[in-house]
Amino acid sequence: MRVTVIGTGYVGTVTGACLSYLGHQVTCVDVDAGKIARLQRGDLPIYEPYLAELLELAATRGGICFTTALREAVAGSDVTFIAVGTPPLPTGESNLCYLEAAARGIGAAMDATRYRVVVNKSTVPVGSGNLVETLVREGIRESNGAGGQEICFGVASNPEFLREGSAISDSLYPDRIVLGAEEPRALETMRELYAPLVEQQFDPPPFLPRPAGRGRAPLVVTSLTSAESIKYAANAFLAMKIGFANEIANICERVGADVVQVMQGIGLDSRIGPKFLNAGLGWGGSCFGKDVQSLMHTAAEYGYKARLLEATLEVNSAQRQLVIQKLQEKLFILKGRTVALLGLAFKPGTDDLRDAPSLQIAGKLIHMGARVNVYDPIAMEACKEQYPDLKMQYCGSALEAAAGADAVVLVTEWEEFRALDLKEMAGRAARPILIDGRNFYAPEAARAAGLDYSGIGRMAAAPALTGPRR
Ligand SMILES: NC(=O)c1ccc[n+]([C@@H]2O[C@H](COP(=O)([O-])OP(=O)(O)OC[C@H]3O[C@@H](n4cnc5c(N)ncnc54)[C@H](O)[C@@H]3O)[C@@H](O)[C@H]2O)c1
């Protein structure tokens, strides 16, 4: 099939690459001419593992091209995906200006030569299922006047669940595909488009073999509003699950329990499951915060106060302050101290800095008069470019960042940090203090390396009370 994807960000580029790998002929469109020029040169504007390799293969299968010419792309397509950003407004609502422009542009580009499906992949507020249809229709009217009545199209909602850092694997081997549509013809077109994914009838790329035991991908067909609600509910639940682990971590710290053991103990319960129970300095990224806020906003519009969602945001925000408190407990004064931050990206495997805890922590430390050394394997260039006012010392390695530091904070659990020589780090730092914001290291190993180790929700040190009472 012929497919257009509007928006070449983390979602759009991955969607385009995967659909093209499956054999569809894909055109990716963006308003950012600089981004398109880079993509045309094969120079990826984002970091995502295996994306470059997949794009190379995609070119030999369905074919993929990048352009700013929306009209031509949409005119020649059966299916047009909208994958533009929906960032939050200060009120917590989603900013729909990019979506509106894209949908109107699609409408203006349509003609009566074929039936088309417009698929919304962007995360849009629950209850706005008809918005895209209305905007496309407005675009058709603006461009064609009364003659636009013969133009046929359907609208579908196809929320995206990929995780940055494993986006290709998530897209090729999805846990489920959600399709919301009111019109059977739109649904049929989407079933046809996704058939190779649902049936898993494609040769896996050599660098990403199909996970053992992976069969058909469940297809969940719903109304438009339910499809949108699934996306928000999924993100709200995941954010809440981490928030829950953090809440328990804070209790563990006070009663002398170890949250890692506690979460292992509850995660083995099949009703709970082990994932997303890692306590730490809080979640970040472009989705959780904005989607939880947007869902709260929608609930409020309907007169409902979403208390659990409110608490989820509160717990996460407090968790980010915890690092500062821990540093104050260790160093008393932060003014004039040097703190090394290991990791900037909001999570490993990406260069995405949107709502990254590192930025808030660094900003607060700098505001309090501390010096900040930082090292991240991937996200430093993006940080320099996007946050030029954040005055940090960018370092060439974790050990370089730690050298002369009064404390080291592990912010992002990059696998590279696993191999870090902790003894060497303890020796290079001015004070061997390690705040492990992701409970990444074994406390005993870190202490054996000479570090004064504190995790989140872990026992401060071998407690004197655990031995037999004399
Ligand atoms: N990033 C994720 O992990 C993720 C996961 C699931 C869902 N989502 C949702 O997917 C959507 C896209 O997210 P993203 O992270 O890819 O965003 P992004 O900011 O990385 O990319 C959005 C792109 O859209 C382009 N754009 C804006 N207006 C346009 C227009 N009118 N025409 C063409 N291009 C336009 C921008 O230039 C940008 O390149 C959001 O709604 C987000 O909530 C994101």
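**Close-up views of the predicted model**

**View 1. Lining of the second largest cavity.** Helix α6 (129–144), strand β6 and helix α9 each supply at least two residues of the lining of the second largest cavity. Helices (H or I, at least four residues) and strands (E, at least two) are DSSP runs, numbered from the N terminus. The model is predicted, so local features need pLDDT of at least 70 and side-chain atom pairs count only at pLDDT 80 or more, while totals for chains, interfaces and linings use all residues. Residues are numbered from 1 along each chain as its sequence is written, and side-chain values use heavy atoms, with hydrogens and water left out. A cavity is a set of points, on a 1 Å grid over the protein atoms alone, where a 1.4 Å probe fits but cannot get out; lining residues have an atom within 4 Å of a point. This rule gives 2 cavities of 30 Å³ or more. The second largest cavity holds about 40 Å³ of space, where a volume is the space filled by probe spheres set on the points, and grid points are joined across faces, edges and corners. Strand β6 gives the most to this lining, with 3 residues. The residues that line the second largest cavity are Asn-120, Val-124, Ser-128, Gly-129, Val-132, Val-155, Ala-156, Ser-157, Leu-224 and Glu-228. By class, 5 are nonpolar, 4 polar and 1 charged. Here Ala, Val, Leu, Ile, Met, Phe, Trp, Tyr, Cys and Pro count as nonpolar, Asp, Glu, Lys and Arg as charged, and the others, Gly among them, as polar.

**View 2. Lining of the largest cavity.** The largest cavity has a volume of about 50 Å³. Asn-120, Ser-122, Thr-123, Val-124, Ser-157, Pro-159, Glu-228, Lys-231 and Tyr-232 form its lining. Helix α9 (residues 224–255) provides the largest share, 3 residues. The lining divides into 3 nonpolar, 4 polar and 2 charged residues.

View 3. In strand β7 (residues 177–181), 5 of the 5 residues are buried, meaning under 20% relative accessible area with a 1.4 Å probe and protein chains only; exposed is over 50%, and partly exposed lies in between. In a regular strand the side chains alternate between the two faces of the sheet. On one side of β7 the buried residues are Ile-177, Leu-179 and Ala-181, and on the other Val-178 and Gly-180. Two strands pair if DSSP finds at least two bridges between them. Strand β6 (residues 153–157) pairs with β7 in the antiparallel sense over 2 bridges, and Ser-157 has Gly-180 of β7 as its bridge partner. Strand β8 (residues 219–222) runs parallel to β7 and is joined to it by 4 bridges. Leu-179 has Val-221 of β8 as its bridge partner. From β7 the chain passes through helix α8 (residues 184–199) to β8 in a right-handed β-α-β crossover; right-handed means that, with the strands pointing away from the viewer, the path from the first strand over the helix to the second runs clockwise.

**View 4. Two residues with positive phi.** Gln-200 is not a glycine, but has a positive phi of about 55°. Gln-200 lies in the loop between α8 and β8, and it counts as buried because its relative accessibility is 9%. Asp-355, also not a glycine, has a positive phi of about 55°. Asp-355 sits in the loop between β9 (338–342) and α13 (357–367); its 39% relative accessibility is why it counts as partly exposed.

**View 5. Lys-326 in helix α12.** Lys-326 is found in helix α12 (residues 307–331) and counts as buried because its relative accessibility is 9%. Leaving aside neighbours within four places in sequence, Lys-326 is in contact (heavy atoms within 4.5 Å) with Glu-253, Ile-435, Gly-455 and Ile-456.

Conventions:
On a 1 Å grid over the protein atoms alone, a cavity is a set of points where a 1.4 Å probe fits but cannot get out, and a pocket is an open set with protein on both sides within 12 Å along at least five of seven lines; lining residues have an atom within 4 Å of a point.
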